Amino acid sequence: MSTPEFDTAASRLQWSTPAPALIAVTAGGVALAVAAAVTSDPVGEVFIGFAAVLLLCLAGLGFRQRPRLTVIPGEPSRLVIRGLLGPVGYNPEHILRARVVGTRRLGRSIPNLELDLVHEGQDRLMIFGRWDLGTHPQDVLDAMSVHGLTPRHDPE
């Protein structure tokens, strides 16, 4: 039995907002834009048009940032975070802390992945929820741990 060969692109682990969710947001924005165009109420036209613009901007931002997080296995492994201005890579020594924290919202605990990073000499806190990752944040943290992208000690 032989082990399969993996190229760099195929061996990457990636997480992002699911494409069907972004397509649904885009469709909602288009529907609101059409509703704003056909309404006879001037105030309603402004509010509906504003909501359409917000939804379309949210969808555009979501598509622009795909994939949101990427783990590139290797020696050393790398974490790539894609933002509005493009991807930024982090080596393990740039990751100060990685943890999943539950935040209380509307009576529920919502898990978020918190990453404390060093970016161009400055500390940076990045927070990712299920919408950003498309999966439970603990799954992403576990994959980061497997690839050596979580610090061995907590700096607190």
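Me: Which helix gives the most to the nonpolar patch?
Reply: In this predicted model, helix 1, which spans residues 19-38, gives the most to the nonpolar patch, with 3 residues. The patch covers about 340 Å² of surface and is made by Val 30, Val 34, Val 38 and Leu 56.

Me: Why is Val 38 called exposed?
Reply: Val 38, which is found in helix 1, has a relative accessibility of 64%, and since exposed means over 50%, Val 38 counts as exposed.

Me: What makes Leu 117 count as buried?
Reply: Buried means under 20% relative accessible area, and because Leu 117 has a relative accessibility of 0%, this residue counts as buried. Over the 156 residues in the chain, buried residues make up 31%.

Me: Why is Leu 106 called exposed?
Reply: The relative accessible area of Leu 106 is 90%, and the cut-off for exposed is over 50%, therefore Leu 106 is exposed. Its place is in the loop between strand 5 (95-105) and strand 6, and its phi is near 50 degrees, a positive value in a residue other than glycine.

Me: What makes Glu 120 count as exposed?
Reply: Glu 120 has 72% relative accessibility, which is to be set against the requirement of over 50%, so Glu 120 counts as exposed. This residue lies in the loop between strand 6 and strand 7, and the phi of Glu 120 is near 50 degrees, again a positive value in a residue other than glycine.

Me: Where do cis peptide bonds occur?
Reply: One joins Arg 66 and Pro 67, with omega about -15 degrees, and Pro 67 lies in the loop between helix 2 (42-64) and strand 2 (69-72). Another joins Glu 75 and Pro 76, with omega about -5 degrees, and Pro 76 lies in the loop between strand 2 and strand 3.

Me: Which residues lie nearest the centre of the largest pocket?
Reply: Of the 13 residues that line the largest pocket, Gly 83, Leu 84, Gly 86, Val 88 and Arg 124 lie nearest its centre. Strand 3 (78-83), strand 4 (86-90) and strand 7 (122-128) are the elements that give two or more residues to this lining, whose residues divide into 6 nonpolar, 4 polar and 3 charged. The volume of the largest pocket is about 190 Å³.

How values were computed: Residues are numbered from 1 along each chain as its sequence is written. This is a predicted model: local features need pLDDT of at least 70, side-chain atom pairs count only at pLDDT 80 or more; totals for chains, interfaces and linings use all residues. Side-chain values use heavy atoms; hydrogens and water are left out. Patches are made of residues with over 30% relative accessible area and no salt bridge: like charges are joined within 9 Å, nonpolar side chains (Val, Leu, Ile, Met, Phe, Trp, Tyr) within 5 Å. Accessible areas come from the Shrake-Rupley method with a 1.4 Å probe; for residues, only the protein chains shown count as cover. A salt bridge is a side-chain nitrogen of Lys or Arg within 4 Å of a carboxyl oxygen of Asp or Glu. Helices (H or I, at least four residues) and strands (E, at least two) are DSSP runs, numbered from the N terminus. Buried means under 20% relative accessible area, exposed over 50%, partly exposed in between (1.4 Å probe, protein chains only). On a 1 Å grid over the protein atoms alone, a cavity is a set of points where a 1.4 Å probe fits but cannot get out, and a pocket is an open set with protein on both sides within 12 Å along at least five of seven lines; lining residues have an atom within 4 Å of a point. Grid points are joined across faces, edges and corners, and a volume is the space filled by probe spheres set on the points. Ala, Val, Leu, Ile, Met, Phe, Trp, Tyr, Cys and Pro count as nonpolar, Asp, Glu, Lys and Arg as charged, and the others, Gly among them, as polar.
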